[in-house]
Amino acid sequence: MERRTPRSARTPGGWRAGRPGPDGATGDRHWRLDARSAGFCALGFAGLTLLLDWGSGGLTVPRADLWAVLGVLLFTVLRPPRVSAGDGWLAVRGLVRERRVCTDALVEVRQDGSIAIRLVLRDAYGGSVAFDPGILVANPLLWHRLDAGARRSRERGTLRQGESTLRLLGERIDGGTARDVLRASGLE
C-alpha cells in the first residue's frame, strides 16, 4: 500500500518555515512573524480609527465599513511575500499567486529601485520574480539554494547579466554570517 503525503507537505508553503521540507525545499523563517506583525498593525489601525470615530460621536455603519476596508487594505500592503526555494527553483508567493523561476536557467539578475531595493530574477523560460534581497540576508539557506542554481546557470552559459550583482550580494551575506558566528562565539 502506498503511503500518502499530506497535502500541506506537498505544497511549497506547507513545510515548517526555515526547515527543509520533504523535497528539500526551504522557506523564509521570518515570514510568519512579519505576516503576523502586518496583521497586528492593520488590526490596530482599524480598531483605533473605529474607537476614535466612536468617541467623537460620528461613527456610522458606512464609516465603520470604511475603516474596516482600510484596515484590510493596509494588511495587503504590509504583508510580505513568501519566498521559498528548492533544488533548481525559487518561488515568491504574493496574496494572489505564486511566481517561480528556474535557478538552473537564470538569464538575468538585477537590483531595481533606490529606496525600496528589489532583486529581480529572470529565467530562460520566461519566469520572473522580484523580492527584497534582505530576505536572502536573513535566510542563508535560501541564499545557498539561489547561489547553487546561479552557479549551474553560469556553467551552462545562460546567465548573461547579473554576475556582479550576485557576487556583491554574496559578499554581503557571507560577511554578515561571519560576523554573526564571531559574535556568537564571543570573538568579536
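## Alanine 138 and its contacts

Leaving aside residues up to four places away in sequence, alanine 138 touches Arg29 and His30, where contact means heavy atoms within 4.5 Å. Alanine 138 and arginine 29 lie 109 residues apart in sequence, yet their C-alpha atoms are 8.3 Å apart in space. Alanine 138 belongs to helix H4; helices (H or I, at least four residues) and strands (E, at least two) are DSSP runs, numbered from the N terminus. With a relative accessible area of 26%, alanine 138 is partly exposed; buried means under 20% relative accessible area, exposed over 50%, and partly exposed in between (1.4 Å probe, protein chains only).

## Basis of the model

The model is predicted, so local features need pLDDT of at least 70 and side-chain atom pairs count only at pLDDT 80 or more, whereas totals for chains, interfaces and linings use all residues. Residues are numbered from 1 along each chain as its sequence is written, and side-chain values use heavy atoms, with hydrogens and water left out.

## Overall composition

The chain contains six helices and seven strands. Along the sequence these elements follow the pattern α-β-α-α-β-β-β-β-β-β-α-α-α. Of the 188 residues, 34% count as buried. Among contacts between residues at least 6 apart in sequence, 51% join residues at least 24 apart.

## The four-stranded sheet

An open sheet of four strands has the order E1-E2-E3-E4, with antiparallel pairing; two strands pair if DSSP finds at least two bridges between them. Strand E1 (26–27) and E4 stand at the edges, each with a single partner strand, so one side of each has no neighbour in the sheet. H5 packs on this sheet and touches E1, E2 and E3, and its direction makes about 50° with that of E2. Such axes are lines fitted to C-alpha atoms, for helices over the stretch in contact, and angles run from 0 to 180 degrees between N-to-C directions.

E2 and E3 run antiparallel and are joined by five bridges; glycine 86 stands opposite tryptophan 89 in E3. E3 also pairs with strand E4 (residues 98–102) in the antiparallel sense, over five bridges. Alanine 91 has arginine 100 in E4 as its bridge partner.

## The three-stranded sheet

A further open sheet has three strands in the order E5-E6-E7, again with antiparallel pairing. E5 and E7 are its edge strands, each pairing on one side only. Neighbouring strands of this sheet are turned by 15° against each other on average, direction ignored. Four bridges join the antiparallel strands E6 and E7, and valine 120 has alanine 130 in E7 as its bridge partner.

## The nonpolar core

A nonpolar core is a set of buried Ala, Val, Leu, Ile, Met, Phe, Trp, Tyr and Cys residues joined through side-chain atoms within 4.5 Å. The largest one here has 21 residues, and those with the most contacts inside it are Leu90, Leu106, Leu119, Leu121, Phe131, Leu136 and Leu146. At least two residues of this core come from each of strands E2 (82–86), E3 (89–93), E5 (106–112), E6 (118–123) and E7 (128–131), and from each of helices H4 (134–138), H5 (140–156) and H6 (163–185). H5 gives the most to this core, with four residues.

Phenylalanine 131 is in contact with Val83, Leu90, Val92, Ile117, Arg118, Leu119, Leu121 and Leu136, leaving aside its neighbours within four places in sequence. In soluble globular proteins, nonpolar side chains tend to be buried together.

Helix H2 (residues 31–56) has 26 residues and reaches 37 Å from its first C-alpha to its last, close to the expected 38 Å; the expected span is 1.5 Å times one less than the number of residues. The buried residues of H2 are Trp31, Ala35, Ala38, Ala42, Ala46, Thr49 and Asp53, and they pack against helix H3 (61–78) and E2. Glycine 57, which follows H2, has a positive phi near 85°.

H5 has 17 residues and reaches 24 Å between its first and last C-alpha atoms, close to the 24 Å expected. Its buried residues include Leu142, Trp143, Arg145, Leu146, Asp147, Gly149, Ala150 and Ser153. H5 is followed by glycine 157, whose phi is positive, near 85°.

## Cysteines

A disulfide is a pair of cysteine sulfur atoms within 2.5 Å, and by this rule the count is zero. Cysteine 41 is partly exposed at 44% relative accessibility, and cysteine 102 is partly exposed with a relative accessible area of 22%.
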